[in-house]
Amino acid sequence: MSILSGKNVLLGVTAGIAAYKAAFLVRLLIKKGANVKVVMTPSAKDFVTPLTLSTLSKNEVLSSFTNEEDENAQWNNHVELGLWADLFVIAPATANTLSKMANGTSNNLLLATYLSAKCPVYFAPAMDLDMHKHPSTTETFNKLNSFGNIQIPAEEGELASGLTGKGRMAEPEHIVSFLEKDIQNKSPLHGKKVLITAGPTYEAIDPVRFIGNHSSGKMGYAIAETAAKLGAEVVLVSGPVSLSLNHSLVEVISVTSAEEMYQAARNHFASCDIAILSAAVADYRPKDVASEKIKKNDATLTIQLEKTQDILKSLGEIKEHQFLTGFALETQNELENAKSKLKKKNLDLIVLNSLKDKGAGFKADTNKVTLIDKHNKVEAFAVKPKTEVANDILQYIIQQIDA
Ligand code: CTP
């Protein structure tokens, strides 16, 4: 999965010959999982048709303040478009549009949207080599860069004029990888390694039976995906679940038993910056695992159990720079129990979920958590989808490690 997945990308197309490449760019962005809307300058329509771009983006393409052909002409809201976008990419960006952007002109929908956009703005210049090196263009670039806009450098090569030099719009593949790298580098967890445990563990009784629990792994997987979206390199140690996670920044290590989870977590702990242990690890396992299937003979059967390793506690004992987070699932004296677990296991943060809370629990898509830090500061959150809970937990950790 790309860091662009799920992002709202507004593509601005201006009137340069490279506008035909906007079609490829839309396709690549869609392939990366982005939601794409296109806004064009009126003359860009001479180079590539709105029909092509709307078909590829699966969204209406806008180029004027009103839909003139429509007799019930409707106002195209540039403010809304600007607010919808997580990033605004102007490609190709002609010298004319760039100069207007630098000077605050807003005589078309694209320019008005640029002035309203609060998100990061990228521009990929496309022009002839002499236009590209003209001092006025250099001044435009400098001005736009000083506004915080991000320039995707033009490339060298054959130009529409027949001349060869710098001025070609960066190839669509290069634009996409530029965006991915730039977003990643600016992400709050970029450069951080996050270790996450998730799901249940299965403790074998015999070759066909095990002791397990109802954990779905949804909370841990949501944390892993959100951490990757925030730029972290993630190691997800997962017990047996029916979920999958495909993200270039996530390494999934599948384990079955508490012992396997313990070994995997220990192997990765030293190199991680943040560890979040959300797995529902079995506290006990059968002392002896039968090598053959156990036959039903007597009226009762006793299985002797022994304690498993407490993974979280063991990491608390060897913790150095790592920010260690545990989970507590409690049914009574929730706060006191969670606080004592935090202390006993030497944690920086504990995420408390109470089974009594409506909307919290193992298999649900929602959760209700209370965060308690090592200074016993308590913050309770509302019932939310697990993806949002994951974000709350990670934003809390980011704040703590930045403080
Ligand atoms: N945990 C762990 N290894 C274990 C048991 C638990 O890493 N063998 C972790 C869980 O992933 C969770 C936290 O410890 O982050 C709390 O687990 P919980 O079962 O609620 O607490 P326990 O310490 O086992 O205490 P108790 O069962 O008495 O409530």
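Colleague: How many bridges join strand E6 to strand E7?
Modeller: This is a predicted model: local features need pLDDT of at least 70, side-chain atom pairs count only at pLDDT 80 or more, and totals for chains, interfaces and linings use all residues. Residues are numbered from 1 along each chain as its sequence is written, and side-chain values use heavy atoms, with hydrogens and water left out. Strands (E, at least two residues) and helices (H or I, at least four) are DSSP runs numbered from the N terminus, and two strands pair if DSSP finds at least two bridges between them. E6 (residues 155-158) and E7 (residues 164-168) run antiparallel, and the bridges joining them number four.

Colleague: Which residue in the turn between E6 and E7 has a positive phi?
Modeller: The two strands form a hairpin, with five residues between them. Across it, Gly157 has Gly165 as its bridge partner in E7. In the turn, the residue with a positive phi, about 100°, is Gly162.

Colleague: What is the plane angle between Tyr202 and Phe210?
Modeller: Rings of Phe, Tyr and Trp (its six-membered ring) pair if their centres lie within 6.5 Å; planes under 30 degrees apart are stacked, over 60 edge-to-face, and the rest tilted. This rule gives three aromatic pairs. Tyr202 and Phe210 make a stacked pair, 3.8 Å from centre to centre, with a plane angle of 10°.

Colleague: Is Phe210 buried, partly exposed or exposed?
Modeller: Buried means under 20% relative accessible area, exposed means over 50%, and partly exposed lies in between (1.4 Å probe, protein chains only). Tyr202 has 26%, so Tyr202 is partly exposed. Phe210 has 43%, so Phe210 is partly exposed.

Colleague: Which strands stand at the edges of the five-stranded sheet?
Modeller: The sheet is open, with parallel pairing and the order E2-E1-E3-E4-E5. An edge strand has a single partner strand, so one side of each is left without a neighbour in the sheet. These are E2 (35-40) and E5 (150-151).

Colleague: What angle does helix H1 make with E1?
Modeller: E1 (residues 8-13) pairs with E3 (residues 87-93) in the parallel sense over four bridges. Contact means heavy atoms within 4.5 Å, while axes are lines fitted to C-alpha atoms, for helices over the stretch in contact, with angles from 0 to 180 degrees between N-to-C directions. H1 (residues 22-31) packs on this sheet and touches E1, E2 and E3; its direction makes with that of E1 an angle of about 175°.

Colleague: Which residue does a cis peptide bond join to Ala91?
Modeller: Most peptide bonds are trans. Here omega is about -5°, a cis bond.

Colleague: Which strands are at the edges of the eight-stranded sheet?
Modeller: This open sheet has mixed pairing and the order E12-E11-E8-E13-E16-E17-E19-E20. Two strands pair on one side only: E12 (250-254) and E20 (378-380).

Colleague: Which helix packs on E8, E13 and E16?
Modeller: E13 (residues 274-277) and E16 (residues 323-330) pair in the parallel sense over four bridges. Leu277 has Gly326 as its bridge partner in E16. The helix covers residues 311-318, its direction makes about 150° with that of E16, and its name is H11.

Colleague: Which residue lies over the face of Trp84?
Modeller: A charge sits over a ring if NZ of Lys or CZ of Arg is within 6 Å of the ring centre and within 35 degrees of the ring normal. At 4.6 Å from the ring centre of Trp84, the residue is Lys37.
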